[in-house]
Amino acid sequence: MSARSGVPNDPGRRERIIAAALELILDDGVARVSHRAVAARADVPLGSMTYHFTSIDEVITEAFRRLVDRLSGRYRAGLHEAATPAEAREAVVEIICGDTFASPREMAGIFELYSYGRSSPDSAELAASWMGISAAALTEHFTPDAAHAIDALIEGWTIHHHLDGKAPDRELVRAAVTALTSSAL
C-alpha cells in the first residue's frame, strides 16, 4: 500500500495471480502449480503469493472458482434460452458437440477440478457446486431423473472426446438425448 493514500500499489495483483493460476492449470495441470510458477506467470513478486493467499490450495481453488463461474454462465444460458423440450434437447446436444460451452482446455480444467477435489475440501465443495448448477439448469426442462442421466451423458461424452480427440457424432448424441428424455425417467 502507498503510505500516503492507503491504496494498494497494485490493486489488480490478486486478480492477476488468480488468472495466472487458472492459465497454468489449463496449460499444464494442477501438478505444475506452485507459488513460484504462479508468481512468474502473473509477473508478481513471489512474496505476493503469501500476502494475498494463505496457501497454494487457496490459489488453486480460487482459480477453479473463476473457471466454474465462466462455464456455468455459458451452460445456463444455452439451456435457459430453450423454450420447448425440443430446444432443450438441442441445447444439450450443443453442450456435448459444440464449442460454445467449453474449449478443450476448459474441459481439461474441469477434469482437473474433479481430481483435485479428492484432496482439497474447498475444491470438492466447488465441484459439488458445479454439479448442482448443471442439475438446476437441466431440471428446468427435464425430470430430476432424466436430468441426472443427461448430466452423466454430458460428462461421459466430454471425457471421451477429451481423451480420444474424436468429435462426438451429433446425430448419435441427439438420439441418445432424445431417448433419455422421451422415456419414463
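## Terms and basis

A salt bridge here is a side-chain nitrogen of Lys or Arg within 4 Å of a carboxyl oxygen of Asp or Glu. Lys and Arg count as positive, Asp and Glu as negative; His and the chain ends are not counted.

The model is predicted: local features need pLDDT of at least 70, side-chain atom pairs count only at pLDDT 80 or more, and totals for chains, interfaces and linings use all residues. Residues are numbered from 1 along each chain as its sequence is written, and side-chain values use heavy atoms, without hydrogens and water.

## Overall fold

The chain has nine helices and zero strands. Helices (H or I, at least four residues) and strands (E, at least two) are DSSP runs, numbered from the N terminus. The C-alpha atoms fill a box of roughly 65 × 35 × 25 Å along the principal axes.

Of the 185 residues, 39% count as buried. Buried means under 20% relative accessible area, exposed over 50%, and partly exposed in between (1.4 Å probe, protein chains only). Contact means heavy atoms within 4.5 Å. Among contacts with a separation of 6 or more, 67% join residues 24 or more positions apart.

## The annotated span

UniProt, in an unreviewed entry, lists residues 11–71 as "domain: HTH tetR-type". UniProt positions follow the numbering used here, feature names are shortened, and annotations may be inferred rather than shown by experiment. In the model this span is 75% helix and 0% strand. Its end C-alpha atoms lie 26 Å apart.

## The nonpolar core

A nonpolar core is a set of buried Ala, Val, Leu, Ile, Met, Phe, Trp, Tyr and Cys residues joined through side-chain atoms within 4.5 Å. The largest one has 55 residues; Val-38, Tyr-75, Val-92 and Leu-138 touch the most other members. Two or more residues each come from H1, H2 (35–42), H4, H5 (85–97), H6, H7, H8 and H9 (170–182). H4 gives the largest share, nine residues.

Leaving out residues up to four places away in sequence, Val-38 touches Ile-17, Ala-20, Ala-21, Leu-24, Val-33, Met-49 and Val-59.

## Helix H6

H6 covers residues 104–116. The expected span of a helix is 1.5 Å times one less than its number of residues. The 13 residues of H6 should therefore span 18 Å, and its end C-alpha atoms are 18 Å apart, which agrees.

Buried in H6 are Glu-106, Met-107, Ala-108, Gly-109, Ile-110, Phe-111, Leu-113 and Tyr-116. Their cover includes H1 (13–28), H4 (56–80), H7 (121–138) and H8 (144–164).

## Helix H8 and Asp-151

H8 has 21 residues and reaches 30 Å from its first C-alpha to its last, close to the 30 Å expected. Its buried residues are Ala-146, Ala-147, Ile-150, Asp-151, Leu-153, Ile-154, Glu-155, Trp-157 and Thr-158. They pack against H4, H5, H6, H7 and H9. Gly-165 follows H8, with a positive phi near 75°.

Asp-151 sits in H8. This residue is buried yet has no salt bridge. The nearest side chain of opposite charge, Arg-76, is 12 Å away. Asp-151 touches Tyr-75, Ser-134 and Leu-138, not counting residues up to four places away in sequence. Tyr-75 and Leu-138 are also among the core residues that touch the most other members.

## Ser-72 in H4

Ser-72 belongs to helix H4. Ser-72 counts as buried because its relative accessible area is 2%. Beyond residues up to four places away in sequence, Ser-72 touches Trp-130 and Ile-133.
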